[in-house]
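Biologist: I am new to this structure and would like a close look at one part of it. Please keep to the salt bridges and what surrounds them.

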Amino acid sequence: MKILRSHYSLDVSSKEFEKNIFISGWVEDIRNIGSIAFIILRDKKGTLQVTALKKKNPELFEKIVSIPRESVISVNGICKKSDKARNGYEIIPDDFKILSKAETPLPLGVVDKVESELDTRLDNRFIDLRKQNIQAIFKIRNEVIASVHDYLKKKDFIEIHTPNIIASSSEGGTDVFKIKYFEKDAFLAQSPQLYKQMMMATGLDRVYEIAWYFRAEDHNTRRHLNESTAVDLEMAFISGEEDIMKILEGLVHSMWMKASECKEEIEILEKKVIVPKLPFKRISYDEAIDILNKNGLELSWGDDFGTEEEKKFGEIMKKKGSEFYFITKYPLEAKPFYTMPEGEKLSRSFDLGCKGVELASGSQRIHDVELLKERIKICGLNPKNFDAYLKTFRYGMPPHGGFGFGIERFLMELLDIKNIRECILFPRDRTRLIP
Ligand code: AMO
């Protein structure tokens, strides 16, 4: 066996036929039919067949057929064109080496026909991620996030990174993880809200972050995580929330477009990705209430939309040909303290929905410090806890606004995935902290 050097990807080209090649990968399956054995090797590019012939080398044959599945091996051999092999070629081994022997039995099968329970899969996520269809989700995730950077760079945004350990809750409410920070109490950031707004006072007037959200939400649902990621954006010198909605719909469109180019992964997942048309429908909260009540619900003005209402609204909008829609101008009291009021009762806010699931929410923000202090108090919070944030509003703060757009929620809708836990590598939920 030759010393391990940079191995070939299993994605072998016809240029390799009849040549000696050196490959490495996981042993996905071994089929031994007596005189001949087929070993399926796998790496991130796909699979390849190694065909061992007993009469060519009985000793090698016995050794290779006894390798436990999912062990990592490297093989030296001749690459032969073969119409019968799965890729149109096979490797006839001269030699092989076990780089890491897998224990048996496996805690989870990689190519088993029977689908395991989600919990078993997540307990053994490193093996679950060996499956082509699971890898496909994260390859698409990688591509769509790359398109976020491309799109926002073209729109003159810069990427920022703000603290995750913070001194005051950014979204209000009780859904906050408290931690000990030496002698003080601190929190894990529910979002970069306060910091991205503070950036608007710096002159860097268009910023975004691929942010972590930590939320101590007690409920365990198919679309909530306690640790999730989002595209968080803030922009200044806006004339209203419409300016932000335009950026958001353009972003969603370009991410969807990029995903539609991931042909191989979409095929593995057996999904259809149809790029939505712009602009997305805008419907005010008042109109949404009317529509829902005309469709059999009994909502009063000011009511929040729960899961049932969101689902129903998504169905109605889908029937009208709008899978994506903005609901705008929510009641002020339904939105966080930093949201710009519109008149007495409304706010310059919006949520982006897709088939009944909220993907993003955003608003124009208050930039007048006195009004901001007043709203903090009305929301039951203490302005003293926001001193450093409020200070940035006192020395020149332009009108601004932004949004938070959940990446896992986006993937769920893009790929029609039923449980959000499938869209993040190692999910954190009410009961899961390991792995
Ligand atoms: P909001 O709380 O609505 O807004 O969050 C924005 C988006 O983030 C996603 N999201 C979640 N995804 C999974 N699990 C969760 N627990 C979870 N919580 C939120 C959703 C949601 O639409 N600061 C504002 C945004 C802004 O105004 O800029 C905020 O955090 O897709």
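Biologist: Is R430 buried, partly exposed or exposed?

Modeller: This is a predicted model. In it, R430 is partly exposed, its relative accessible area being 46%. R430 has a salt-bridge partner, D218, and the closest N and O atoms of the two are 2.4 Å apart. The two residues come from distant parts of the chain: R430 is in the segment after helix 12, D218 is in the loop between strand 10 (206-214) and strand 11 (227-236), and 212 residues separate them. D218 has a relative accessible area of 52%, and because the cut-off for exposed is over 50%, D218 counts as exposed.

The segment after helix 12 (407-415) also holds R432. R432 forms a salt bridge with D123, with 2.9 Å between the closest N and O atoms. D123 belongs to helix 2 (residues 118-123), so this pair ties together parts that lie 309 residues apart in sequence. R432 is buried, at 8% relative accessibility, whereas D123 is partly exposed, at 44%.

Helix 12 itself takes part in another such link. E408 of helix 12 pairs with R141 of helix 4, so parts 267 residues apart in sequence are tied together. The closest N and O atoms of R141 and E408 are 2.9 Å apart. Here both partners are buried: R141 has a relative accessibility of 14% and E408 one of 1%.

In soluble globular proteins, nonpolar side chains tend to be buried together. The largest nonpolar core in this model has 52 residues, and L152 and F405 have the most contacts inside it. Helix 4 (residues 132-154) supplies the largest share of this core, 10 residues. With its neighbours within four places in sequence left aside, F405 is in contact with residues including Y213, T229, V231, L248, L359 and F410. A separate, second core has 21 residues, among them I30, L41, I73 and V75.

Notes. Residues numbered from 1 in each chain as written. Predicted model: local features only at pLDDT ≥ 70, side-chain atom pairs only at ≥ 80, totals over all residues. Heavy atoms only, no water. Core = buried A, V, L, I, M, F, W, Y, C linked by side-chain atoms within 4.5 Å. Buried < 20%, exposed > 50% of the residue type's maximum accessible area, 1.4 Å probe, protein only. Helix = DSSP H or I, 4+ residues; strand = E, 2+ residues; numbered from the N terminus. Contact = heavy atoms within 4.5 Å. Salt bridge = Lys/Arg side-chain N within 4 Å of Asp/Glu carboxyl O.
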